[in-house]
Amino acid sequence: MDSAKPMAGGIPMVNIDGARIRRIREEKGLTQLYVATVVGVTTDTISRWENRRYPNIKKENALKLAEALEAQLADIIDHGQPTTVTETPRQEDIPPQPAVPEAKPAPTVPEAPPAPAPEPDAPPTAPAAAPAAAPPRMLRLASQPVIILFAAVLLLAFAGLTLLWWYTGDDGEGQVTAVRTLPAHATPGIAFPVVIEVTNSASKPFSLILKETLPPGCIPVQGKPQFASQENTPPVLKWIGKINGEHAVYSYLAKLRPDTKMETVHHFTGGVTLRSDDNPSIPVSGNDSLQASPFHWADSNGDGRIDDEELLSVYETYGGIEGLHFGKKLIEEIWASKGYRWDPETRTYDILH
Amino acid sequence: MTAKKIHAGAPGLLFLALLLLLSVPAPLRAGEALVSGQYLSGTGQDIQMRITVANPAPTTLIVIQNLPTGTMIDAASPAFNQYDADKGEVKWLLTQVAPGSYTLSLHLSRPVASGQISGEIRYKDPANGRLTNLPVKP
C-alpha cells in the first residue's frame with residue numbers, strides 16, 4: 001500500500017514527504033549526518049530530500065531512510081502528492097549535480113520548517129497584561145507574607161534545580177570515547193582479534209555508528225556483534241548500535257592476506273558517529289598499527305613462546321567476548337609447549353615439545 | 001535564642017553526616033586479597049589446594065604446583081594443562097573464573113614430605129591489569 005511505482009529502468013520509486021522527514025528527524029534528535037550515514041548518502045542529499053527538492057526517491061533508499069528515522073515507510077511517504085514530481089526523478093540519490101537548475105546551494109535553505117500559520121487556539125502573547133487583569137482576590141492572597149515567602153522558596157528551589165540540571169545534566173551523551181585494542185603483530189593468514197570499546201560518561205541510552213576501516217591487505221573474518229556492512233577495498237566494517245549502559249564492546253577477527261610481506265606495517269582507522277551530536281566523528285584511539293610477523297599475535301614479546309603473562313593478557317582482553325573464535329586452542333597448546341616456530345611452507349606453526 | 005538553637009543542632013548534624021559516611025558500603029579494602037590459596041593437604045600422596053576468589057574476580061587464573069623433581073602423578077582433579085616432570089611443575093589454567101572457592105587435587109605415586117612442595121597463583125588484577133604472583137605455602 002505504499003506509493004511505490006516502477007520508473008523507467010524498473011527501479012521502484014516513492015514520493016517522500018520532506019517536511020515530515022525533517023519533523024521526525026528533529027523530534028528524535030537525529031542529525032542529518034547520522035541519517036545520511038545510515039542511508040549511505042551525503043548530508044546535502046538529506047537536506048534536499050527534507051526541502052522537497054527531490055521528493056521522488058528510490059524505494060530502497062526510502063526504506064533505509066525510514067530505518068534511520070526509526071519509523072515505518074508509510075510514515076515518510078508523501079501520500080498527498082504521489083505524482084507531482086517536477087525534478088528529474090532518477091537523479092535524486094546522487095549528490096548535487098552542476099546541471100541542477102537551482103543555483104543556490106543547500107545551506108541557504110532555512111533549517112527550520114516553514115513558518116506555520118498562527119494557531120487559532122494559540123495562548124495569548126501579552127504577559128504584561130496579565131497582572132492588570134488578575135482578580136482582586138489573587139492580590140489579597142499575594143499580599144499575605146506567608147504566601148510570598150512560600151512563593152519565594154519555590155522560586156529559589158526551581159532556580160536551584162535548573163542550575164543543577166544545567167551543570168550536571170546532559171542530553172543523553174556525555175564524554176564518549178572509543179579505544180581500539182589490537183595486537184602489535186600477526187602472522188599473515190592467521191586470524192587475530194581486534195576489540196573496540198566505546199564508553200560514555202552519561203547513563204542514558206544512545207545510538208551510534210561505529211565505522212572501522214581495515215588496511216587494504218586485511219580480510220575481515222568474523223564480527224561480534226556482526227558488522228552491518230562490509231565494503232571491499234579497503235574493507236570497511238560498520239556497526240549501528242544502541243548503547244544502554246556506560247560501555248559497549250565491538251570486536252572482530254581479521255587476517256592479513258597470506259601473501260603479505262613480513263615486517264610490513266598495516267594501519268587501522270575508525271570513528272564513532274553519535275545520532276544527535278553535530279561533531280562529524282569521534283576517532284577511535286588506541287592501537288592502530290599491526291606488523292606482519294612470523295610470531296603469533298599472542299606472543300607479544302616475540303620470543304617464540306607464549307608465557308603465563310601473555311596467556312593471561314589474552315584471556316583478560318579477549319576471553320570475555322562470547323563467540324569470538326580467536327584460536328584459544330592453539331594458544332593454549334603453544335603455552336603448554338616449549339615453544340613454536342612458523343613454517344612458511346605449510347603456513348602453520350610447528351609446536352615444539 | 002536562635003543562635004543557641006543552631007549551635008545545639010550542629011553536633012547532631014555532624015554526627016548524622018558521619019553516620020551516613022560510615023554506612024556507605026566500602027569497596028574491597030586495601031590489602032584485602034582478590035585471590036587467596038591454602039593447602040588443605042600438603043603432605044603424603046594426596047595434595048589439595050583450595051583457592052578462594054573474591055569479587056571482582058580475575059577472569060583467568062594460572063595455578064602452579066611445585067613437586068619434587070621426577071614425581072609421578074597418578075591422578076589430578078581437575079586435569080592439569082601442563083606438567084614438566086623434570087622441573088616438577090604442574091600448571092592449571094582456570095578460565096571464566098567466578099567468585100567462590102575451587103579445590104585442586106593431585107594423587108601422587110609416592111608420598112612427599114612437608115616442605116617439599118609449594119604453590120603459586122598467577123592472575124591479572126582486573127582493576128589495573130597488573131600481573132600478580134601469589135605464593136602458597138603448606
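How many residues does the contact take from chain B and from chain A? The count is 12 residues from chain B and 10 residues from chain A, with two residues taken to be in contact if their C-beta atoms, placed from the backbone, lie within 7 Å. The model is a predicted one, in which local features need pLDDT of at least 70 and side-chain atom pairs count only at pLDDT 80 or more, while totals for chains, interfaces and linings use all residues. Residues are numbered from 1 along each chain as its sequence is written, and chains are lettered from A and ligands numbered from 1 in the order in which they are written.

On the chain B side of the contact, strand β8 (residues 118-124) supplies the largest share, three residues. Strands here are DSSP runs of E with at least two residues, and helices are runs of H or I with at least four, numbered from the N terminus. Sorted by class, that side has four nonpolar, six polar and two charged residues; Ala, Val, Leu, Ile, Met, Phe, Trp, Tyr, Cys and Pro count as nonpolar, Asp, Glu, Lys and Arg as charged, and the others, Gly among them, as polar.

As for β8(B) itself, five of its seven residues are buried (20 or more other C-beta atoms within 10 Å of the residue's own; exposed means 12 or fewer, partly exposed in between, with C-beta atoms placed from the backbone). Strand β3 (residues 61-66) of chain B runs antiparallel to β8(B), joined by six bridges, and B:L61 has B:Y123 as its bridge partner. Strands pair if DSSP finds at least two bridges between them. Six bridges also join β8(B) to the antiparallel strand β9 (residues 131-136) of chain B, where B:P135 partners B:E120. The β8(B)–β9(B) hairpin has six residues between its strands, and B:G129 takes a positive phi near 75° there.

Over in strand β6 (residues 89-94) of chain B sits B:K91, which counts as partly exposed because it has 19 C-beta neighbours inside 10 Å. Leaving out residues up to four places away in sequence, B:K91 touches B:I62, B:I64, B:F80, B:N81 and B:Q82. B:I62 is 29 residues from B:K91 in sequence, yet their C-alpha atoms are 6.7 Å apart.
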